[in-house]
Amino acid sequence: MISSTNELEFSTEEIPNELSISKLTSLTNSEDLICKDKNVLCLTEKNGYQDTVYIKAANIFQGIKIEKAPDKVLIRYGSEPVLTLPDFEDENSQRLSYELAFSALKYQDILESILIDSCFYPNVTIPDALSSLVVVMLYDFQDRKFQSRLISDEEQSISEVQEVEYLLNSFKTKLAAALARCRIKHDALSIYHILPETVRQQEQRASTLPLYAWVNTCKISPEGICDDLKEEGYTKVKSALDFECKSFCLDQHCSDVLIFPSHLKSELLNIDLCTDYKLLFQDKSRSLAVHSVRTLLNMDDDVLLVNMGSWYTVAHMSTLTNQSTSKIFVCGVRSQTKESDLKTLFTNMGCKNIELLHENFTDIEAKDHRLQKVKVILLLPRCSGLGVSNPIEFILNENEDADLLKDHSKGVIAEDKLNVLAEQQFEQLKHAMQFNKAQAIVYCTCSVYPEENEVVVKKALQFGIERNNKVQPYRLSPPVLPLCSVKEIRSSNDKFFKVEPSEITNGCFLAVLTRELLLLTPDD
């Protein structure tokens, strides 16, 4: 993740010349750790990015930047992408582009002020379409302590990037001075400390958040994975608190989930266990959801999955039912190309019981003949996601909208947007309750807001009670997960499973709704 906590710390002395710039900075970033042993800290150097990453980041920023009232506008942005480029070549360049765009978004106000205070604007005349590129490259420039970028001879150069880079370099003394004045104005050790407290806490959690990966039991057992990892030089430890450089542990809630230190991801993605789809990285909340569904199933019960952001969730549900005759139905696969790609993916993963439906969930009738054996509905509604510490991973892994980064950049969601999300969630949950043959619904979000969690569930339960029909109403049931602590179950009355965001896990809310059993009297 691109660092925010190593922002420049400036003295209050005047800047006599460009040679003083390096003396104004101090690197104090814990997020630069690529290896954390008990007595060893390893830091990475920041050398800048390839030209294509800057362009991609600028295009992302262009779509998520904070729009301001006319009287508050400092810089004018174009309405079109800086430059249209082919799709991302690999996952790493995609992640770097999103991280750079998100960092620019968090500091948008500060970066715009620096560009004005340094007289970069209006002295520099460039097309409005390049303003997004200027902002993202300025963020990276100051993050490198205004040092020159190292460019590979093999790298493909882009003229727009070269132009902006030249202009920023020509203003670097004035930009550094403006950044120093900004820090002094806010009485902050660094511009990182100007960020809202909620955002800083989120970044601190993200810097330590471990990796969660589930075992594809269609291909290998959890015991087999552990043996293979040990052969690769990994050490099994008791818990995430005992992590060393190359170690892993078992999750306490899900028997097929392993936990790794965050710095190992790049290394792990290249080992055979991952490339062969035997070990798959995904947020723990999704594993909790599918395991909660599994405990509610009989051998021949079908499952309906709603709002599958990541197709890994579908595959995980499939692996947990591969010893039964259950079918896993997934709705909303409209594209034939997407359907073909998914079938290939699931085949490669060894998943054989998945059925893809073209219709969106709310367009499917409760009496649809294909779904008459569906006994459990898993609903993962689109949510604010503010329980997630690393929103970039959440967006990329769960195929979420980059617009969510706007809320994460402020650490809070606007009330009107929260109300819209809550209403959508209620409508989906209400529709799920109309499937009369279904006996249970598992509802799961990554939100910290009661409006998206407890409030939605209770409102839907009340709706079910008020319906005038002969179908048994739903009631709350505690999720069946091993080693659930008292703190994780909110109360004996609510029966919600809720985990707050921390240094070891993202936030998660989970509710299980089951049909009430009607006791029949002799007169019935």
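Figure 1. Helices (H or I, at least four residues) and strands (E, at least two) are DSSP runs, numbered from the N terminus. Because seven of its eight residues are buried, α15 is largely enclosed by the rest of the structure. The buried residues are Pro 391, Ile 392, Glu 393, Phe 394, Ile 395, Leu 396 and Glu 398; buried means under 20% relative accessible area, exposed over 50%, and partly exposed in between (1.4 Å probe, protein chains only). This is a predicted model, in which local features need pLDDT of at least 70 and side-chain atom pairs count only at pLDDT 80 or more, while totals for chains, interfaces and linings use all residues. Residues are numbered from 1 along each chain as its sequence is written, and side-chain values use heavy atoms, with hydrogens and water left out.

**Figure 2. The second largest pocket.** The lining of this pocket comprises 27 residues, and Glu 91, Tyr 312, Leu 396, Asn 397 and Asn 399 lie nearest its centre. Two or more lining residues come from each of α2 (91-106), α10 (265-269), β7 (279-281), α13 (311-320), α14 (336-349) and α15 (391-398). A pocket is an open set of points on a 1 Å grid over the protein atoms alone, where a 1.4 Å probe fits, with protein on both sides within 12 Å along at least five of seven lines; lining residues have an atom within 4 Å of a point.

**Figure 3. Cysteines without disulfides.** A search of the whole structure finds zero disulfides, a disulfide being a pair of cysteine sulfur atoms within 2.5 Å. For Cys 383, the nearest cysteine sulfur is that of Cys 446, 5.3 Å away. Cys 383 counts as buried because its relative accessibility is 3%. Cys 274 is also counted as buried, at 10% relative accessibility.

Figure 4. Most residues other than glycine have a negative phi, and most peptide bonds are trans. The peptide bond from Tyr 121 to Pro 122 is cis, with omega near 10 degrees, and Pro 122 lies in helix α4 (residues 120-123). Asp 187, not a glycine, has a positive phi of about 50 degrees. Asp 187 is placed in the loop between α7 (172-185) and α8 and counts as exposed at 72% relative accessibility. Tyr 277 has a positive phi near 60 degrees; Tyr 277 lies in the loop between α11 (272-275) and β7 and is partly exposed at 24% relative accessibility.
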